[in-house]
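Open the model in your viewer and keep the selection panel at hand. The stops below say what to select next and what is there.

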Amino acid sequence: MNKFGFAIKTPRSEDMDKVSLERYNMLLDRVPSFKRCFQCGCCSATCSARQYTEFSIRRIHTSFRRGEYEGLDEQLKKCMLCGKCTLVCPRGVNLRSLIINMRQILDETK
Amino acid sequence: MKIHAYPYNDFVIPFLIGTILLFSIIIYKYIRWIRRFSDEQRKVIRSNWYSWKIFPAIWEMIREGLLHVRILKENLLLGIMHQAYALGWFLLILVGAIESRDAFFTLQHEQSIETVRELDAQNGWYIYNTGENKDPEYLNQRRYRVETEDGIARIHYHRPFYVGIFYRYFVHKAPAAFHQHKAYSDLMDALLLYVFLGLTMAIIKIFWSKILGMRRTTKHTIVDRFSKFSLWMIFPLRLLAESVTACLYGNGGFFTQAVGNLFDPMIVRGLETSVWMLYSLMLGVFFVTMPFTRYMHIFTELLLIYFRKIGVREETGKTGYTLFELNACSRCGVCISGCPIDRVLENHEIQSVYLIRSLRNQERGSRLKMIADNCLMCDRCTVDCPVGIDLSALRRQTRAKGAIDTVGNYSYLNKRQSPFNAIGRVAYFGGCMSHLTPGITESMEKIFTAAGQKYWYMDKLGTICCGRPLQQQGFTNQAAELRKKNTDLIEKSGSTMLVTSCPICYQSFKKEYNLNIPVVHHTEYIDMLIKQGCLKVRHDDRKVSYHDPCELGRGCGIYEEPRQVLSAVTNLQKTRYQREKSVCCGFNLGDTKLSLEEQTKIRNASLANLTSKPVDAIATACPMCKKAFQHATNDYPVKDIAEIVAENLIN
């Protein structure tokens, strides 16, 4: 199968009742403006890192919300904090603060 | 036989204890701090500590430590208050010392035993004799017998250092030959009045700080207030003590004598030493509390100015120099007045003065983090600081302590590089933000072409951040990684000059990188091109106000070039807050704590300053500021200088 360059993905369904939202709520506490995010993806579209690699804040947002923390820290380290995302965000989410706080929360609750 | 005359009274003891403790604590602290200097800083000190650089250092010590020129320029009344304290008190000590020296010099010629007798009887001098005919009875009963061969007593007058402080008490009656006595006492009174002027203003400042042009004063801790109270009491007590003595012996100047004449000699006679004791006690209390309060700044700021002037700079970590900076802060509150977060957002807790206080008290935890993180890093306070503390660097240090600064994950940056499409003389770095304002980069390309310059637009396809945003948030290691990537790229390209469009990148390339080619901002570059005649521009009649970006103006000191370029192509209008006083646009990358609403408020305040006079357009030199203002107004076109120049090119 590998020869064709694709494979069957493992199911990624999550039982949201069982996912602990502790970290997510912590994040909302520290970055209140994050509540306004409607996942339009402007941040990922403008991202400097995104131009080079598969780094997407939108994807990270989804993973964080679904409780899939694995590999998230490595992803977040790709961010250069340049702030383009914050400037284009139509909802006024403080994305730089979001990324710093995500890393901090992941570090604190390791 | 020798007779020794030594001015002494028990009331000098508190003063002596205070002085000894003060200087031993201060010297102990200074030695500890100096030992904590980093190797780099030591090297600078070793090579410069005794060079021509000490002359500007001494000049600045006098200017800022005594005259307070910077505060005077900032705020006249506040400056006069600080100057009255510092210069007034310094001159009181200096003139007191000179006066006592002169008086003792005259006294030395008065070898009459009558003088000694008088000194002993009235002034509380300590008279003793040494020599061969030592008479124990004399010491006990204090009788003088002069038994020299030629019948002339040899009297030695000793002048301990405290005599200048308590001069009026120890010299009740000036020696007859000391003619300048009256002039000196009048001068000393004038100086005391000068200090009183500062004292009065300080008291007014507590209740109506607005009268002194300060919107808000620093909130002090209990210890500081106690120390301040003892400082304030020193001078009224000095006046009281000198007046009482003047009342009894008539040796006062115009002021102390006038006050002294109000007293009844019969009543105050018994109180004289008591009031002098109170005065000395208050001095002692102040001296002992001084090293532990903000008054530590008195000596520390002089050393800080010295170190700064000979070239010592703040580093990314805490060093001995940081400790000098922390202790050189007098908490004067000048940093509060300019801060946009204070002025516009009414947040009175995060200003640099409080950051320094928290750091000095070795606070940890959320409060310090809140203070350190909530700052635009617009450098307004750094420019205003009268003693030149690098406040933004202190904030960066504090942030770095809390940041999770591991190795970044930047290997992806090697994957795609902007090709060296035109290996030429000039490398052009637009920066991340300029990618959101394509008008700027397009104009720059137009200008390069019009001037016939070969250029390499190094981040056309995708940008590598300069690293400053990470640096500002305390991610020092990650920032260094990005710096290394950019440095490699620039060195590989063989460019001879780097032009950037973003002041944030500009400051980073200029100060944090070690590039061996000149780095210029595009305003400097255009100015150079126009002056060299490579670029032909026409002048139109638009009225334009210019916004000084924080990182370009206060950060790098580029004020003139943008103005010259703008004057060449348009009519530049002055605004109320400009150059060092320019108000940050509110979107500076230094801050991560402010919400969009708060940033917008600051931006509107900044915009109101730019549009206070009728203008046709707003000019700036930073893509970030441009973007910020663009969102705010439809009434005025917001343009970068490069765009305005590109519009006015003559082909």
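Start with the largest nonpolar core, which has 191 residues. A nonpolar core is a set of buried Ala, Val, Leu, Ile, Met, Phe, Trp, Tyr and Cys residues joined through C-beta atoms within 7 Å; buried means that 20 or more other C-beta atoms lie within 10 Å of a residue's own, with C-beta atoms placed from the backbone. Select Val195(B), Tyr428(B), Ile447(B), Ile526(B), Ile641(B) and Val645(B), the residues with the most contacts inside this core. Helix 5 of chain B (residues 76-107) supplies the largest share of the core, 11 residues. Helices (H or I, at least four residues) and strands (E, at least two) are DSSP runs numbered from the N terminus.

This is a predicted model, in which local features need pLDDT of at least 70 and side-chain atom pairs count only at pLDDT 80 or more, while totals for chains, interfaces and linings use all residues. Residues are numbered from 1 along each chain as its sequence is written, and chains are lettered from A and ligands numbered from 1 in the order in which they are written.

Next, centre on Val195(B). Leaving aside neighbours within four places in sequence, Val195(B) is in contact (C-beta atoms, placed from the backbone, within 7 Å) with Ala84(B), Tyr85(B), Gly88(B), Trp89(B), Leu92(B) and Phe235(B).

Now select the open sheet of 4 strands in chain B, with order 9-8-10-11 and parallel pairing. Two strands pair if DSSP finds at least two bridges between them. At the edges, pairing on one side only, are strand 9 (571-573) and strand 11 (638-640) of chain B. Inside the sheet, strand 8 (residues 543-547) and strand 10 (residues 617-620) of chain B run parallel and are joined by 4 bridges. Pick Tyr546(B) to find its bridge partner in strand 10 of chain B, Ala619(B).

Colour chain B by domain: domain 1 (297-402), domain 2 (411-529) and domain 3 (538-647), with bounds from an automatic or database domain assignment. The contact between domains 1 and 3 of chain B takes 12 residues from domain 1 and 16 residues from domain 3.

Finish where chain A meets chain B: 24 residues of chain A and 25 residues of chain B take part. On the chain A side, helix 6 of chain A gives the most, with 6 residues.

Notes: Two residues are in contact if their C-beta atoms, placed from the backbone, lie within 7 Å. A residue is buried if 20 or more other C-beta atoms lie within 10 Å of its own, exposed if 12 or fewer, and partly exposed in between; C-beta atoms are placed from the backbone.
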